[in-house]
Amino acid sequence: MTDAVSEPTLLRPHAEQQYAHELAALARLDDRPRPPSWHLSPWAVVTYLLGGELSDGTVVSPKYVGPRRLMEVAVATLATDRALLLLGVPGTAKTWVSEHLSAAISGSSTRLVQGTAGTSEDSVRYGWNYARLLAEGPSADALVPSPIMTAMRDGAIARIEELTRIPADVQDALITILSEKTLPVAELGIEVQASKGFNVIATANDRDRGVNELSSALRRRFNTVVLPLPASEEDEVAIVTSRVEQLGTSLELPKIPAAAEEIRRVVTVFRELRQGVTTDGRTKLKSPSGTLSTAEAISVVTGGLALSAHFGDGVLRSTDIAAGILGSVVKDPVADRVVWSEYLEAVVRERPEWADFYRACREITG
């Protein structure tokens with residue numbers, strides 16, 4: 001007799017799985033007008049993204065910390081026939097916002113095309129089951145729909161990640177889809193027309209300009225919303241704290257005491273180097289080649305928590321985050337190392353309350 005094998009837990013649930021109870025509560029209490037095929041009204045979608053307390057006491061956690069108007073514009077765009085382009089530097093939550101918008105509007109975030117240099121037109125339009133194609137010839141049964149074609153049929157949101165990394169000729173396949181809301185299948189002499197509720201959310205990294213620029217014809221089909229880096233240190237600390245807590249739970253890291261001091265230190269270092277000036281405005285700094293995004297700060301703190309839990313004393317300390325910060329700052333082994341060394345000596349060393357952090361960084365840097 002063998003022991004029953006337990007079901008594996010998901011490492012990274014989709015948004016609609018992780019926040020199913022919030023989405024269900026919003027849907028139950030949402031009495032505002034909903035666009036065709038939408039699971040929630042635009043107001044409820046924004047509430048889901050920004051958080052709040054519902055009339056029945058359900059607490060909706062914030063998924064995005066930033067200007068409310070940006071989320072209102074994004075949601076309003078998707079209620080029209082214009083597609084949405086989320087643009088910003090790496091780490092500004094473009095993918096995160098895209099996923100949660102899709103989950104709240106369509107109940108699923110999985111109709112996804114991942115943009116790379118190797119993304120083919122089949123990924124955007126449709127492909128074929130070649131075994132059936134050879135045996136039977138072109139037929140509806142041999143057709144393999146893309147996530148975008150599936151979203152058109154379902155009246156749902158399709159997502160395209162890293163649009164500017166997709167080759168230009170493949171990008172152009174979107175023009176007819178976005179303008180005519182139809183996808184011709186020439187081999188079968190038919191077309192798939194989009195059901196009401198269909199739309200597209202694309203993301204693009206504004207540091208990728210020049211990789212595969214969007215044509216003016218395609219750009220006109222999108223309404224662009226630029227997601228900024230967190231405006232204030234408090235906002236960024238709140239984002240990092242929230243996401244680290246969620247990741248720690250998901251990864252089942254041992255619980256450790258509050259790490260507010262080290263989180264704020266990581267955020268301060270990243271913001272000062274990113275902006276090229278200390279928080280008090282007194283010292284100008286060189287900026288490294290990397291972005292030092294909020295997402296990287298989350299990664300540094302999460303890695304530090306793992307070090308502390310498994311190899312430390314269970315308290316997040318400077319020694320746990322020093323190596324992660326060094327890895328984030330020093331992308332160019334020559335130029336960035338100079339930037340980091342100057343920052344250590346001119347800023348970190350002069351802060352008495354950061355003495356432990358200075359020693360840890362110097363030990364790691366060598």
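## Helix 2 against helix 3

In this predicted model, E22, L23 and L26 of helix 2 meet A44, T47 and Y48 of helix 3, where contact means heavy atoms within 4.5 Å. Four of the residues in this contact are nonpolar, one is polar and one is charged. Ala, Val, Leu, Ile, Met, Phe, Trp, Tyr, Cys and Pro count as nonpolar, Asp, Glu, Lys and Arg as charged, and the others, Gly among them, as polar. Helices (H or I, at least four residues) and strands (E, at least two) are DSSP runs, numbered from the N terminus.

Axes are lines fitted to C-alpha atoms, for helices over the stretch in contact, and angles run from 0 to 180 degrees between N-to-C directions.

Five strands form an open sheet in the order 4-7-10-3-11, with parallel pairing. Strand 4 (112-114) and strand 11 (222-226) are at the edges with a single partner strand each, so one side of each has no neighbour in the sheet. Neighbouring strands are turned by 20 degrees against each other on average, direction ignored. Two strands pair if DSSP finds at least two bridges between them.

Strand 3 (residues 83-88) is joined to strand 11 by five bridges. The bridge partner of L87 in strand 11 is V226. Helix 5 (residues 94-106) lies across strand 3, strand 7 (157-161) and strand 10 (199-205), and runs at about 170 degrees to strand 7.

## N205

N205 belongs to strand 10. N205 is buried, with a relative accessible area of 11%; buried means under 20%, exposed over 50% and partly exposed in between (1.4 Å probe, protein chains only). Leaving aside neighbours within four places in sequence, N205 is in contact with L87, G88, V89, P90, K94, E162 and T164.

## The hairpin

Strand 8 (residues 182-185) and strand 9 (residues 190-193) run antiparallel and are joined by four bridges. V185 stands opposite I190. The two strands form a hairpin with four residues between them, and G189 in the turn has a positive phi of about 65 degrees.

## Basis

Residues are numbered from 1 along each chain as its sequence is written, and side-chain values use heavy atoms, with hydrogens and water left out. As the model is predicted, local features need pLDDT of at least 70 and side-chain atom pairs count only at pLDDT 80 or more, while totals for chains, interfaces and linings use all residues.
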